[in-house]
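Work through the exercises below with the sequence and the model at hand. Each task is followed by a solution in steps.

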Amino acid sequence: MNNWLSNQVGLSDPTQAGDANDVDFLVERSIECIELHNKRPTFIAVDWWEDGDVVKAAKRVNELELDTD
């Protein structure tokens, strides 16, 4: 799952990294991917990984119970 925000000229914007890499935001985006594709993301790709806690988000996504019906 690609998850980054760009500025007006299309470049990576570190000022938005805190919001884009927020744990709850990443988990919600992952849930949207799961609902859309019926499988959990294999990788969560972010810019500026130092901001936020991408590892914690990935752990929470991996612990989600999926409805396989």
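The model is predicted: local features need pLDDT of at least 70, side-chain atom pairs count only at pLDDT 80 or more, and totals for chains, interfaces and linings use all residues. Residues are numbered from 1 along each chain as its sequence is written, and side-chain values use heavy atoms, with hydrogens and water left out.

**Exercise 1. Overall fold**

Task: State how many helices and strands the protein has, and in what order the elements run.

Solution. 
- Step 1. Helices (H or I, at least four residues) and strands (E, at least two) are taken as DSSP runs, numbered from the N terminus.
- Step 2. By this count the protein has 3 helices and 2 strands.
- Step 3. Read from the N terminus, the order is β-α-α-β-α.
- Step 4. The C-alpha trace spans about 45 × 20 × 15 Å along its principal axes.
- Step 5. Contact means heavy atoms within 4.5 Å. Of the contacts between residues at least 6 apart in sequence, 61% join residues at least 24 apart.
- Step 6. A residue is buried under 20% relative accessible area, exposed over 50% and partly exposed in between (1.4 Å probe, protein chains only). Of the 69 residues in the protein, 26% are buried.

**Exercise 2. The nonpolar core**

Task: List the members of the largest nonpolar core and say which element gives the most to this core.

Solution. 
- Step 1. A nonpolar core is a set of buried Ala, Val, Leu, Ile, Met, Phe, Trp, Tyr and Cys residues joined through side-chain atoms within 4.5 Å.
- Step 2. The largest such core holds 10 residues: Met1, Val23, Leu26, Val27, Cys33, Ile44, Val46, Val54, Ala57 and Val61.
- Step 3. Two or more residues of this core come from each of α2 and α3, and α2 gives the most, with 4 residues.
- Step 4. Take Leu26 as a case: not counting residues up to four places away in sequence, Leu26 touches Met1, Asn3, Ala20, Asn21, Ile44, Val46, Val54 and Ala57.

**Exercise 3. The cavity**

Task: Say how many cavities of 30 Å³ or more the structure has, and describe the lining of the largest cavity.

Solution. 
- Step 1. On a 1 Å grid over the protein atoms alone, a cavity is a set of points where a 1.4 Å probe fits but cannot get out, and lining residues have an atom within 4 Å of a point. Grid points are joined across faces, edges and corners, and a volume is the space filled by probe spheres set on the points.
- Step 2. The search finds 1 cavity of 30 Å³ or more, and the largest cavity holds about 50 Å³ of space.
- Step 3. Its lining consists of Asn3, Trp4, Leu5, Ser12, Asp13, Gln16, Ala17, Ala20, Asn21, Asp47 and Trp48.
- Step 4. Ala, Val, Leu, Ile, Met, Phe, Trp, Tyr, Cys and Pro count as nonpolar, Asp, Glu, Lys and Arg as charged, and the others, Gly among them, as polar. The lining then divides into 5 nonpolar, 4 polar and 2 charged residues.

**Exercise 4. Single residues**

Task: Decide whether Pro41 is buried or exposed, do likewise for Ser30, and then examine the backbone at Asn38 and Trp48.

Solution. 
- Step 1. Pro41 lies in the loop between α2 and β2, and counts as buried because its relative accessibility is 15%.
- Step 2. Beyond its neighbours within four places in sequence, Pro41 is in contact with Met1, Ser30, Cys33, Ile34 and Val61.
- Step 3. Ser30 belongs to helix α2 and is buried, at 0% relative accessible area. With neighbours within four places set aside, Ser30 is in contact with Met1, Pro41, Ile44 and Val61.
- Step 4. Asn38, in the loop between α2 and β2, has a phi near 60°, a positive value in a residue other than glycine. Asn38 counts as exposed, at 63% relative accessibility.
- Step 5. Trp48, in the loop between β2 and α3, has a phi near 55°, also positive in a residue other than glycine. Trp48 is partly exposed, at 39% relative accessible area.

Notes: On a 1 Å grid over the protein atoms alone, a cavity is a set of points where a 1.4 Å probe fits but cannot get out, and a pocket is an open set with protein on both sides within 12 Å along at least five of seven lines; lining residues have an atom within 4 Å of a point.
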